[in-house]
Every structure is written in C-alpha cells, then in structure tokens.
Number of protein chains: 2
Amino acid sequence: MNNFNLHTPTRILFGKGAIADLRQQLPQDARVLITWGGGSVKKTGVLDQVYRALEGMDVREFGGIEPNPSYETLMKAVKIARDERITFLLAVGGGSVLDGTKFIAAAARYADGVDPWHILQTGGSDISSAIPMGSVLTLPATGSESNKGAVISRKTTGDKQPFHSEHVQPVFAVLDPVYTYTLPPRQVANGVVDAFVHTVEQYVTYPVNGKIQDRFAEGILLTLIEEGPKALQEPENYDVRANVMWAATQALNGLIGAGVPQDWATHMLGHELTAMHGLDHAQTLAVVLPALWNEKRDVKRDKLLQYAERVWNITEGSDDARIDAAIATTRRFFEQMGVPTRLSDYGLDGSSIPALLEKLKEHGLTQLGERQDITLETSRRIYEAAR
Amino acid sequence: MNNFNLHTPTRILFGKGAIADLRQQLPQDARVLITWGGGSVKKTGVLDQVYRALEGMDVREFGGIEPNPSYETLMKAVKIARDERITFLLAVGGGSVLDGTKFIAAAARYADGVDPWHILQTGGSDISSAIPMGSVLTLPATGSESNKGAVISRKTTGDKQPFHSEHVQPVFAVLDPVYTYTLPPRQVANGVVDAFVHTVEQYVTYPVNGKIQDRFAEGILLTLIEEGPKALQEPENYDVRANVMWAATQALNGLIGAGVPQDWATHMLGHELTAMHGLDHAQTLAVVLPALWNEKRDVKRDKLLQYAERVWNITEGSDDARIDAAIATTRRFFEQMGVPTRLSDYGLDGSSIPALLEKLKEHGLTQLGERQDITLETSRRIYEAAR
C-alpha cells in the first residue's frame, strides 16, 4: 500500500428531510450567496425549501450556472461575491453547480490583479484562501459535494480543466435522496456512469495490496450495478435512490483512492470530447473507458482480472477471455443505463481526433494513466478504437 | 436506509515514515502534553521519534496511562494540563492512551467544581469544549484515533463506561504500520478481534438496505480474516500490517455505522467482564459474541445469513444450519488468532454472573441491542451460554 494523507472533513447530512439541519451548519451572521443552475431547483421546490430553512438570514442568489460550468458565467458571480462581501457560498444543485461554486469561492479571494483562470492553469496549487461553502445536492454523480476538486470550462477557448485545493472542500453537504426523484432519466444514468468510472479510475490500475480500498471500490461498483437500473425503473424507490446517492459520494471523496495508484486518463480524454463536441461528461466516459481498458489490458491485467471475478463473477476462460468479457459486460451495463459507448452513437466519425490530440498536447496531457504511459499516440489509438 | 449525520474530520497520515508530517499538524506555538502508556513507546523508539519531530517546541509529557485507562490515573494528567495551560494533547500509543487522552482533553476544560467523572455518567453529552488533540498510533484496534468515543474505567468502583463528544475527535492521526511490528502477538490478536467485533456490531443487526454500508463492513471483515493470521505469522510484512491498521480505523470511524442499526451489546456485556475480572477487552468480545449471536439468532437472522454467505461463503444447508456454521466459524477464527472464546478458558465458572448483571443494572444497561430487547434476563442467558 502506498503512503497517503487523507482528509474528509465534509459533514454529511443524509436522508429524507435532512434540510432541517441546514441552518445550523452556517454561521448565523453569514452573508450567504446561494448558487444554482438551470432552474430545476426552482421547479422542484428545493430552492424554496432552502430559503425557508435560512429565513431571516442575509441571503442573495446567483442562478444560471450551466452544465460544464464556464469561466465566463462564473466570473459574474465572482464579482457579486466580491462586491457584496459574501462570507458563505451555498451551492444548490448537482456537480456543475458545486464545481462552479468552488471556482467562485477561490476566485473571489484570489490574488488582486491576477486573472482567476490562472487557477486552472496551475491546477489550484497556489490557492491560499477561499470563501467557505456548503451544498444541498440534487444530483448524485460527481462526488464534488465532499471533495476538493472541480472542473471548469472556458467557452471562448474550448478548454475544460480541473483544479484541486483543500480550501474549496465543502464544509457540509445535505444529501436528501427524495430530491433526486424528479431527475430526468438521462441525468440519473449519467450520474451512475460517472460514479462507476470514478471508482474504476482508482481501482483498475495495478495491485499494491490495498485490500480495504479494493473491497470498498468493489462494494461501490456492485451497488451501482444493482441499483442503477432500478433507479431508472423505480424513480421513487427511496432506498434505491439513497444507495445510488451514497455510492456516488463514496466514489470520489478520497477514501477509495487513498494509498493506491490512480488513472484518470478516461476523464482527461473525455474532457476534451465534451469541450469540443458538447457530449455529456458521462457519455464521454462511457465511450473512452472500454477502448482504454482494451488498449491498456496488459498493464491493467491483474486488476482487470480481479474486477472481472469480484464484480461480475466472470471466472471461466483464459485471462484474455475474462478480460474481454469484463470489458464487454461493462459496455453492456453502460448501454443498459441508456448511455451509448461509441463515438458513432453520438454522430462523431473520428475526424476530430487530430484536433482532440492537439488539445491534449496543449493541456500538457501527454503522459496519462497510472504509469504515465498513455502518450499522445496511445490516446490516438484509444480515440480511434472508440469510434 | 436510516438518516444520518456523519463527520469524519480526522486527518489520516498513513504509511512508513508518516511522522515526518507530524510537526505541521500542530499549531507551532502550542503548549503540548504528550501522553503515553506503559513504556513500550520508549523501548521501541517511537517516543524519541516524536520528540525529534517536535524539536524546539514547548513539550511536556505524561506517561503511565494503563490498559483500560483509569479515572484515577487520568485525573493526575488533568491537573498537569490545567496547571501548565496545555493547548494541545498528543497521544502516543494505542486505544487506551487515545481514550484516556480524550478524557483528559474534556476534563481539563470541564465545568469548574464538577467532578469530571460526571462525563461518564452523562455519556459526554454536556461536554462543551476540549483541548485539541492528535495521535501517533502504535496499536491498530479500537478506531479511537479517528472517532469521538472513549471508554474509561474507575478502579475504586469497578466501573467501565463510554462517553462520546465531537469535541474530543482527534484532529489528526499518524498511522505508521512499521510501529506495529514489535507488538506482542497477544496485542495484535486482540486488535484484530476488536476491529472485527466493532464491524459486526454495526452490521449483524437487521437489514435496512444500506448496501454501501454492508459492502464496506464485509470488506473490512474479509480483510481482517485474510490478514489477521498473517499478521501473527509474518510480523514484519508491511502490507499485512498496513491492511490490518487501515481496517481497524475504518471499522470504527463512523462510516460503516452511518444510516444503519447498531448493536453494541457485546461491548457492554464485555466491559463488565473486564471491569470485574480484568480480562482483555478483546477477550471479552470473543467470549460474548458467539453466545449473543446464538441467543439473538431470530432477530438477527437475515443479516447472519448474509454474513454467512458473503464473508464465509457458507451457502449449503438450512437457514439454521448456515447460522450455526457462521457462529462456529467465527469462534474458530478468534481461536485461530489465539483468543479463547469461553469464560472457562479464562478460569471463570459463571459464579459471578449475578454480580455482572447487577453492574449492568447499575449502569442502566437493561435494554441493549439494536432492538433494545436484550434485557437483564437475556444478558443472563448470554453470560450462561458463554461459560
């Protein structure tokens, strides 16, 4: 097992009606900016519940954070946060609102005179302060509600890049599975696929004998496989929604990745697809992962075989046959969730691959994967195989 | 799944040499009191390493915290902490040092003129402040390094009681598996059994469809079963020690118990055995658990069957036969670890059972278990069956 430094300080308030405990999580004299996305939190009444919970407090709001939250939009909120001397940010929504709010939190306190896009160019390493934040989560998927990472896009340049900082780790997260009943099936499916791929990016690498980490990762995958399809079929099954929600949080709060190698190449190749072609984040993952696993089957052999056996109960045939079966079964699971797994399913013929590779190069993503051996040439083969 | 409020803020610094990061975890102007136990940290050099890491800082020490840390001993440290205006406590040792230090932390800031034994009488509910603390762990077992609980004994009265408070949750824990190489086999075995029983006390209850919690609990149990015997056979196998250490922390940091029923009757019946007869904590658990499971097999039926299948791969025979096999196999595992599972193995013939029941009654422990249906009469049957 590798050494690690793990800090998971976000308080989780989980369950039906958990918003009742929201108010006591904030400093009572806070100047609060509520952030939200496309308006579904207005339609579903979640935003009203938040306002009722904070009644009498000093509250403003900023709506309209889009999926793949953009620098251009977020900088408007940064201006409000600075002008209004906001002391607490409350993100109400899914991963995009969370990620966008993390950027607002750091950018509002960023060095004077420096363009906050610099945060993305430095991966967050020079953030020294941020406005404290919490969240009311409405979409289980990204795990952003209890980690220190975020991904921000820039429309004018077609960039989509991550940053990390302990300063933007949310203080708390309200997770009420009931809030997810009204999600469109596409978002439910995307969330399950996203959480699934987060898990395998920290698990299907090479073995370091991290037995707790492996067992926990397998537990998350088994839960998503059991509950994901049910979440689509029975949208108001509380326990199913609760299990999906808790699985997504555990998939990316740092726990299963502590002390083990991590990959993340699928995410990096996927980000370029979203930035260039507008595919949903989870769609890009479903497209890239099977192709990447096939390409890297040799260095991932031991863990792919473990995954095949413990997650899918695939025990018959040669090593390669079991790996083939594990990849095919994973692909079928994504497609069962309604998320196609080929570029062609999204109307892409591969002609943009040279441009995608240029973007990877521009972003310095030329040595990806747990062994830094996914070069631009490897990425090209993966994109080609994903057509 | 039940609602929950989960906060796991202890920073974990895990791995060989992790003490290198100790100093930066403390306020640099802290007045530190190092607490330790019977002296093994002196013999092994761990205490020297701590002193070197804190060189130049304002440091005092208090040694001699015994197993089952006693109010009588700890009150001496409380006096030092108050007199010397200590601002940070650093526990160096195992669960007893941790638990004792939690008591010191809370008692030193307890209401003027109130005997801090009141903390135990109120279960910690009226603690409003505590000296911040961290730890360098040398014995994986209790999970105390990253939770808010502690168990304190009082020699003069033969009491052993728990308390809980968020104020005593350690800020950080240094977990270096190498520190555990020199542990006596009995302590290694006790630690594995303790962590195992912590896990099942949060798992073998009744189902609430908490799939992540169940899978994580099973993962901890499987790891302890695989690694526990190896830890005895290969004391310097780093990965084995690392897996046992991480399993013990995960077993009782709040994660697997969030949103699910909990039992803890085995611990409560065990505490009385330790207080009255001086058995090691883990020995009492190994004695009580099989008898308790057999007694409560009906209300625990579903989870005992799940445990039998997923943890021990017991799938043949009637429900009762599988439960019998699961209990017998668990007993064999404890004995394989060198921890006997009958009162008679410790020279006890059961004649103290009436006195043990009196103590349970005195401590208000007359409705134990996840359904509060373990009455004094049930406890009597469990003690009798454990002879």
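Start with A:Tyr71. Its relative accessible area is 11%, so the residue counts as buried, given that buried means under 20%. Bear in mind that this is a predicted model.

Now its neighbour in the ring count.

Let me take two of them.

One is A:Phe4 with B:Phe14. The ring centres are 4.8 Å apart and the planes sit at 5°, so this pair is stacked. Stacked needs planes under 30 degrees apart. The pair also crosses between chains. A:Phe4 is in strand β1 of chain A, residues 4-14. B:Phe14 is in strand β1 of chain B, residues 4-14. Buried or exposed, these two, A:Phe4 and B:Phe14? Both are buried.

Back to A:Tyr71 and A:Trp117. Here the centres are 5.5 Å apart and the planes are at 75°, so we call the pair edge-to-face. The cut-off for that is over 60 degrees. Where do the partners lie? A:Tyr71 is in helix α3, residues 71-83, of chain A. A:Trp117 is in the loop between α4 (95-107) and α5 (118-121) of chain A. The pair therefore ties together parts that are 46 residues apart in sequence.

Next, a cluster. Ring pairs link A:Phe196, A:Trp312, A:Phe333 and A:Phe334.

Last, charges over rings. In chain A, the charged end of A:Arg371 sits over the ring of A:Tyr206, 4.0 Å from the centre. In chain B, B:Arg371 lies over the face of B:Tyr206, with 4.0 Å to the ring centre.

How values were computed
Residues numbered from 1 in each chain as written. Chains lettered and ligands numbered in written order. Predicted model: local features only at pLDDT ≥ 70, side-chain atom pairs only at ≥ 80, totals over all residues. Heavy atoms only, no water. Phe/Tyr/Trp six-rings, centres within 6.5 Å; stacked < 30°, edge-to-face > 60°. Helix = DSSP H or I, 4+ residues; strand = E, 2+ residues; numbered from the N terminus. Buried < 20%, exposed > 50% of the residue type's maximum accessible area, 1.4 Å probe, protein only. Lys NZ or Arg CZ within 6 Å of the ring centre and 35° of its normal.
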